[in-house]
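Here is a briefing on a single protein chain. Look over the sequence and the fold, then read the points below.

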Amino acid sequence: MFASVAVVVTLCFLPLLASCSPPQLTPGPKKVVLKSRKLPPGSLRRRTLSPSNVHLKDYFNGTDLQWFGDITVGTPPQHFTVVFDTGSFTLEIPSTQCGAVCDMQRKFDPSKSSTFVDKGTNGTLVFGTGVGVDPVQGDNWSLTVDVAQDTVSVGGLTAKGVQVLLIVDQTPTFSPDPFDGILGLGPQLVPGSVFDSFVNQGLPAQVGLFLTPERIGHAELTLGGADTTKFTGPLTFITQPSSTGNWILPSSGIAVNGKTSNTLTSNRTIIFDSGTSNLCFSKATTEAIYAMISPDIKPVGDFGAYGIPCDKISDLPAQIDFQFTSQSGSPFNLTVPSSELNVGPFRSDPTICQTLINALNIDIIGGSLLKHYYSLWDVSGSRIGFAQNGQFPLSVCRPVTSIES
């Protein structure tokens with residue numbers, strides 16, 4: 001659930017949802033801008049909260065789409081499930097004011113919460129992509145929200161008087177989701193947000209993610225640190241080059257099956273987003289990668305999707321290595337295995353299988369890679385750490401055998 005810009009609705013909101021182009025917010029009345037703050041590296045803070053683990057469920061539909069877990073909102077608590085999204089900062093859940101389009105999700109009833117405060121502000125959130133791997137078509141992913149405050153609890157941690165965006169309408173594209181909402185865990189501490197409240201109470205400003213393929217299960221979120229039982233070896237950290245409101249990391253190149261090309265050897269900054277299901281790159285990069293996998297991968301439709309006949313995809317080698325330099329100066333790879341190439345058949349033509357990269361106007365790495373590593377998102381250090389989890393260990397950069405023009 002990618003976020004790229006800060007917009008206004010009584011918050012500094014970096015929009016969410018698996019998006020590879022910036023969502024837009026059309027604010028209602030009573031706009032108030034709140035500045036985000038970063039925790040200075042090495043700053044001392046009396047810790048009164050210990051790290052907490054949250055079990056995550058997997059939304060699988062052709063591929064692993066999202067991982068979500070339990071929270072409560074209000075007094076007494078009302079129960080919801082949310083995607084924990086490193087691509088945004090705010091919490092959105094459906095309200096009882098949302099009609100039939102929200103009937104598949106649980107709805108928050110403000111009248112039943114003694115701690116609820118209506119802030120009298122509303123707005124519309126328009127997303128660049130949706131929950132899954134299908135590219136957005138126009139504005140077919142959007143929410144209408146009212147801004148409120150209430151008590152939120154996650155994994156035994158409680159945040160009082162924090163901002164909650166109540167969904168009062170949504171496009172039908174959201175309706176099938178098996179989770180209720182989204183809780184943002186972006187790279188800055190935004191006053192009034194759930195995570196900022198936890199940090200103000202002494203929780204370390206870190207988030208550990210153990211995302212796994214459905215066949216493995218046991219996915220987990222750790223608020224306030226890393227669960228060292230979920231990975232082996234040390235964490236290798238990459239420092240963010242700057243603060244743009246997104247988790248971004250610099251990459252020195254991409255290799256496919258041990259080979260690269262002039263297009264793929266370019267330096268680039270890539271957004272890392274736990275709420276994006278697959279990968280998104282520019283059209284030039286996307287097609288350069290696919291050209292090194294199979295000439296049978298072709299565009300499908302006009303919105304950035306690609307596909308290949310399903311009977312040709314199962315045995316295709318499609319290992320994609322992304323090259324990075326660690327905080328200590330050592331080069332290493334993060335790898336998407338060949339098994340991620342197929343994200344499932346198109347509904348419009350089940351004989352054609354969609355491939356994992358969408359061509360859009362920004363570079364994002366999502367679940368297709370993250371579910372093969374343990375990751376620690378360190379707000380205080382402005383960095384992300386990775387450790388061995390699953391098929392691929394962290395490794396020095398594998399040699400590139402050739403450069404194709």
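Buried means under 20% relative accessible area, exposed means over 50%, and partly exposed lies in between (1.4 Å probe, protein chains only). This is a predicted model: local features need pLDDT of at least 70, side-chain atom pairs count only at pLDDT 80 or more, and totals for chains, interfaces and linings use all residues. Residues are numbered from 1 along each chain as its sequence is written, and side-chain values use heavy atoms, with hydrogens and water left out.

**Overall build**

- The chain has three helices and 31 strands. Helices (H or I, at least four residues) and strands (E, at least two) are DSSP runs, numbered from the N terminus.
- Of the 405 residues in the chain, 58% are buried.
- The accessible surface of the chain is about 15600 Å², and carbon and sulfur atoms hold 53% of that surface. Accessible areas come from the Shrake-Rupley method with a 1.4 Å probe; for residues, only the protein chains shown count as cover.
- Among contacts in the chain with a separation of 6 or more, 68% are between residues 24 or more positions apart. Contact means heavy atoms within 4.5 Å.

**Nonpolar cores**

- A nonpolar core is a set of buried Ala, Val, Leu, Ile, Met, Phe, Trp, Tyr and Cys residues joined through side-chain atoms within 4.5 Å.
- The largest nonpolar core has 82 residues. Ile71, Phe84, Leu91, Phe195, Leu223, Phe272 and Phe322 touch the most other members.
- Beyond its neighbours within four places in sequence, Phe84 is in contact with residues including Val54, Trp67, Ile71, Val154, Leu185 and Leu221.
- A second, separate core has eleven residues, among them Cys102, Leu125, Phe127 and Leu165.

**An open four-stranded sheet**

- Four strands form an open sheet in the order E21-E22-E26-E25, with antiparallel pairing. Two strands pair if DSSP finds at least two bridges between them.
- Strand E21 (298-300) and strand E25 (342-345) stand at the edges. Each has a single partner strand, so one side of each lacks a neighbour in the sheet.
- From one strand to the next, the twist averages 45°. Axes are lines fitted to C-alpha atoms, for helices over the stretch in contact, and angles run from 0 to 180 degrees between N-to-C directions.
- Strand E22 (residues 305-309) and strand E26 (residues 352-355) run antiparallel and are joined by three bridges. Gly307 has Gln354 in E26 as its bridge partner.
- Helix H2 (residues 283-291) packs on the sheet and touches E21, E22 and E26. The direction of H2 makes about 15° with that of E22.

**Strand E17**

- In a regular strand the side chains alternate between the two faces of the sheet.
- From strand E17 (residues 253-256), Gly253 and Ala255 point one way and Ile254 and Val256 the other way. All four are buried.
- E17 and E23 run antiparallel, joined by four bridges. Gly253 stands opposite Gln323 in E23.

**Salt bridges**

- The structure holds six salt bridges. A salt bridge is a side-chain nitrogen of Lys or Arg within 4 Å of a carboxyl oxygen of Asp or Glu.
- Lys371 forms a salt bridge with Asp64, with the closest N and O atoms 2.6 Å apart. The pair links distant parts of the chain, 307 residues apart: Lys371 is in the loop between helix H3 (367-370) and strand E29 (373-378), and Asp64 is in strand E6 (residues 64-73). Lys371 and Asp64 are both buried.
- Arg106 and Asp180 meet in a salt bridge through their side chains (3.2 Å, N to O). Arg106 lies in the loop between strand E8 (91-94) and strand E9 (117-126), and Asp180 in the loop between strand E11 (157-170) and strand E12 (181-184), so the pair ties together parts 74 residues apart in sequence.
- Arg106 is partly exposed, at 40% relative accessibility, whereas Asp180 is buried, at 8%.

**Backbone exceptions**

- Most residues other than glycine have a negative phi, and most peptide bonds are trans.
- The peptide bond from Thr75 to Pro76 is cis, with omega near -5°. Pro76 lies in the loop between E6 and strand E7 (78-85).
- Asn257 is not a glycine, yet has a positive phi of about 55°. Asn257 sits in the loop between E17 and strand E18 (259-261). With a relative accessible area of 31%, Asn257 is partly exposed.
- Ser382, also not a glycine, has a positive phi of about 50°. Ser382 is buried, with a relative accessible area of 12%.
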